[in-house]
Amino acid sequence: AAATNHAPGITSRRATAPEEEVAPFFEGIERLRQRIEAARLDALVMVSSDHIQNLYMDNMPSFVIGLGDAFDGPTEDEHFLRIPKTRVPGRPELAAALAGEIMETVDLAYSGELALDHGFMVPLHFLTPGMTVPVVPIIVNCMFPPFPKLGRAWELGRALRRAIDKQPGRIGLLGTGGLSHWPAAPLSGKVAIEWDREFLDAMVRNRREDLVRYSDEEIERDGGPGGHEIRSWIAVAGACEGSGGTLDFYTPLPSFAIGGAVIEMDVDVT
């Protein structure tokens, strides 16, 4: 189980970003790729946000799971995102089993026709470049209020872990998004370093009370509109309740308009 960023600038602006600024990020992503490859996953469950590609104000559930046997992506223009259009394999039988168990305690919408935007495709581009690992995508509403409370994101993670533990095979969990960023706004490029580090410290210690204490207003003010994507990270923490984590690295990335990090959570599978 791990969490990292998904900002479109990671691929769209890589060629123009200062190497000394962005090198730690790509080195960290490569280390995570190697760990995922070594894990020999049968499937990767991904928790991310949707950027008005599948969902809009006419229908905005808090949580959505993709049940498709494959997912097209990225939804963004190839010239912009610099990721080729492709099809990512799904695991519909696994997704359906996870959904059934999750819905014992957490309300969950589902779709057989999700398309994957940069929230999924940017991490996959680096972590499974051959697109050979089947994916089960889960969308958390981080775009439009009312947002799911942070405690509900934690409960989603707990339910997801319970569901995963009942399945055979080697299943990975990856949360993507954040950290602090002000996308498509006058403050784009700002990075709230202290806010990022405070949140990451809470992730490493996996203290629920510290992770879910932020109000929506505090997130917006201190972490930017994009800071609401910490919900994906909190879901991963909830799935690893009782275990801590390891921060592989953190670095501000103004060229990509984010605070960049990779964190890997301890997973007790005994």
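Predicted model: local features only at pLDDT ≥ 70, side-chain atom pairs only at ≥ 80, totals over all residues.

Tutor: Asp117 caps the N-terminal end of helix H5, with a side-chain oxygen 2.8 Å from the backbone nitrogen of Gly119. The helix spans residues 118-127, and it is largely enclosed by the rest of the structure because 9 of its 10 residues are buried. The buried residues are His118, Gly119, Phe120, Met121, Val122, Pro123, Leu124, Phe126 and Leu127. In general, an α-helix has 3.6 residues a turn, so residues three or four places apart point the same way.

Val133 lies in the loop between H5 and strand S7. With a relative accessibility of 13%, Val133 falls under the 20% cut-off and so counts as buried. Val133 and Leu41 are separated by 92 residues in sequence, yet their C-alpha atoms are 7.0 Å apart in space.

Strand S7 belongs to an open sheet of 8 strands with mixed pairing, in the order S6-S3-S7-S2-S8-S1-S10-S9. Strands S6 (109-111) and S9 (245-253) stand at the edges; each has a single partner strand, so one side of each is left without a neighbour in the sheet. On average, neighbouring strands of this sheet are turned by 20° against each other, direction ignored. Within the sheet, strand S2 (residues 43-48) pairs with strand S8 (residues 171-176) in the parallel sense, over 5 bridges. Val45 has Leu173 in S8 as its bridge partner.

Met143 counts as partly exposed because its relative accessibility is 30%. Together with Ile52, Tyr56 and Met57, Met143 makes a nonpolar surface patch of about 370 Å².

Arg33 is placed in helix H2 (residues 19-39). Its relative accessible area is 18%, so Arg33 is buried. The side chains of Arg33 and Glu30 are joined by a polar contact of 2.8 Å.

Terms used:
Residues numbered from 1 in each chain as written. Heavy atoms only, no water. Patch = residues over 30% accessible without salt bridge, like charges linked within 9 Å, V, L, I, M, F, W, Y side chains within 5 Å. Areas by Shrake-Rupley, 256 points an atom, 1.4 Å probe, with all protein chains shown as cover. Salt bridge = Lys/Arg side-chain N within 4 Å of Asp/Glu carboxyl O. Buried < 20%, exposed > 50% of the residue type's maximum accessible area, 1.4 Å probe, protein only. Helix = DSSP H or I, 4+ residues; strand = E, 2+ residues; numbered from the N terminus. Polar contact = N/O pair within 3.5 Å; in protein donor to acceptor, adjacent residues only side chain to side chain. Pairing = 2+ DSSP bridges. Axes fitted to C-alpha atoms, helices over the stretch in contact; angles between N-to-C directions.
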